[in-house]
Amino acid sequence: MPQDILKQLIVFDFDWSLADQDSDRWIFEVLAPDLRRKMKNLKDEIQWTDLVAQSLRELHARGGTREEIEGALRIMPFHPAMIRGVKTVKANATPETTFLCLSNANSVFISTILESKGLQDLFTEVITNPAEWDPSGLLKLSRRVDPSGPQHSCKVGCSPNMCKGDELDAFLQRHKTQFDRVIYVGDGSNDFCPILRLRRRVQLADMVFCRQYRGLQKRIAKEGEEEGLKCQIVYWAGAWEVEEIFSGLPNTIDTP
Ligand SMILES: [Mg+2]
Ligand SMILES: [Zn+2]
């Protein structure tokens with residue numbers, strides 16, 4: 001018997017998923033390519049969030065300003081089809097869609113970019129690393145999971161700053177709504193953990209929209225079966241295809 005999908009949750013990774021670039025790397029490519037190179041050299045030695053925080057301090061110490069960083073964020077590649085696609089889905093009455101952002105970037109980068117695209121009201125929640133401007137114009141960034149407190153116990157390789165799978169589970173727990181379908185849009189190897197949590201109550205309801213040629217596709221191919229990945233996989237490469245997939249989504253699911 002087909003069942004109507006009345007409420008759905010769409011979870012977006014931010015960098016290279018909603019946005020068409022990686023914000024942590026982009027601002028240094030625009031403002032200080034030597035720091036970008038230094039990050040590339042140090043990324044296996046220093047935890048990524050800490051490395052971005054350190055690079056922001058170095059940029060500030062040499063006179064980089066808040067205005068320059070905000071300017072770089074506003075010109076970061078962001079596909080018009082993605083803006084159209086999510087706005088259309090949000091405007092539809094049925095199914096009613098809740099949007100959640102789950103990102104390893106930070107609250108300031110994400111809110112600055114969303115505002116510049118008129119998407120500041122898209123997400124019910126943005127779960128990411130906390131950041132704030134101090135009065136001197138330094139962007140102070142820290143890990144979502146405080147390194148001095150209890151750590152997450154993820155077994156599938158999430159970075160210490162946050163386990164995206166735990167965060168998705170916690171969101172579903174505290175959110176009262178029962179979603180008939182969860183769709184996860186992601187690209188990176190750190191999106192593998194949360195897609196393992198996609199629910200299996202209703203057969204083939206949950207889906208991952210996986211960006212091709214990047215870390216998530218590789219992990220699905222290599223580890224998907226052994227880790228028991230059950231959701232439906234839809235591949236895309238360009239944001240225009242996400243818009244197309246959204247517009248063709250079935251609004252019913254077949255239950256066994
Ligand atoms: Mg990403
Ligand atoms: Zn995890």
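**Note on the predicted model**

1. In this predicted model, the buried residues of helix H2 are covered by elements that include H1, helix H3 (33-42), helix H4 (48-61), helix H5 (66-74), E3 and helix H7 (107-116). H2 itself spans residues 23-31, and its buried residues are Ser 23, Asp 24, Trp 26, Ile 27 and Phe 28.

2. The sheet is open and has six strands, in the order E4-E3-E2-E7-E8-E9, with parallel pairing. Its edges are strand E4 (125-129) and E9, each of which pairs on one side only. From one strand to the next, the twist averages 15°.

3. Two of the strand pairs can be followed residue by residue. Strand E2 (residues 7-12) runs parallel to E7 and is joined to it by five bridges; here Ile 10 stands opposite Ile 183. E8 pairs with strand E9 (residues 232-236), also over five bridges and in the parallel sense, and Cys 210 has Tyr 235 in E9 as its bridge partner. Between E8 and E9 the chain passes through H10, giving a β-α-β crossover that is right-handed.

4. The largest nonpolar core contains 59 residues. Those with the most contacts inside this core are Ile 10, Val 11, Phe 12, Tyr 184, Val 185 and Val 208. Val 11, once neighbours within four places in sequence are left aside, is in contact with Leu 100, Leu 102, Leu 168, Val 182, Tyr 184 and Val 185. In soluble globular proteins, nonpolar side chains tend to be buried together.

5. Which residues does Val 89 contact beyond its neighbours within four places in sequence? They are Ile 10, Thr 97 and Phe 246. Val 89 is in helix H6 and counts as buried because 20 other C-beta atoms lie within 10 Å, where 20 or more are required. Val 89 and Phe 246 are 157 residues apart along the chain, yet their C-alpha atoms are separated by 7.1 Å.

6. Phe 246 belongs to helix H11 (residues 239-247), where the buried residues are Ala 239, Val 242, Glu 243 and Phe 246. Viewed down the axis of H11, these buried residues fall within an arc of 100°, so they line one face of the helix. The elements covering them include H6, strand E7 (181-186), E8 and E9.

7. Some backbone geometry deserves a check. Most residues other than glycine have a negative phi, and most peptide bonds are trans. The bond from Thr 94 to Pro 95 is cis, with omega near -10°. Pro 95 is in the loop between helix H6 (80-91) and strand E3 (96-106).

8. Trp 16, in helix H1 (residues 14-18), has a positive phi near 65°. Is Trp 16 buried, partly exposed or exposed? It counts as partly exposed because it has 19 C-beta neighbours inside 10 Å, while a buried residue needs 20 or more.

9. Tyr 213 also has a positive phi, of about 70°, although it is not a glycine. Its place is the loop between strand E8 (207-211) and helix H10 (215-223). Tyr 213 counts as exposed because it has 10 C-beta neighbours inside 10 Å, and the limit for an exposed residue is 12 or fewer.

Notes:
Residues are numbered from 1 along each chain as its sequence is written. Chains are lettered from A and ligands numbered from 1 in the order in which they are written. This is a predicted model: local features need pLDDT of at least 70, side-chain atom pairs count only at pLDDT 80 or more; totals for chains, interfaces and linings use all residues. Helices (H or I, at least four residues) and strands (E, at least two) are DSSP runs, numbered from the N terminus. A nonpolar core is a set of buried Ala, Val, Leu, Ile, Met, Phe, Trp, Tyr and Cys residues joined through C-beta atoms within 7 Å. Two residues are in contact if their C-beta atoms, placed from the backbone, lie within 7 Å. Two strands pair if DSSP finds at least two bridges between them. A crossover is right-handed if, with the strands pointing away from the viewer, the path from the first strand over the helix to the second runs clockwise. The arc is that of the directions from the helix axis to the C-beta atoms. Axes are lines fitted to C-alpha atoms, for helices over the stretch in contact, and angles run from 0 to 180 degrees between N-to-C directions.
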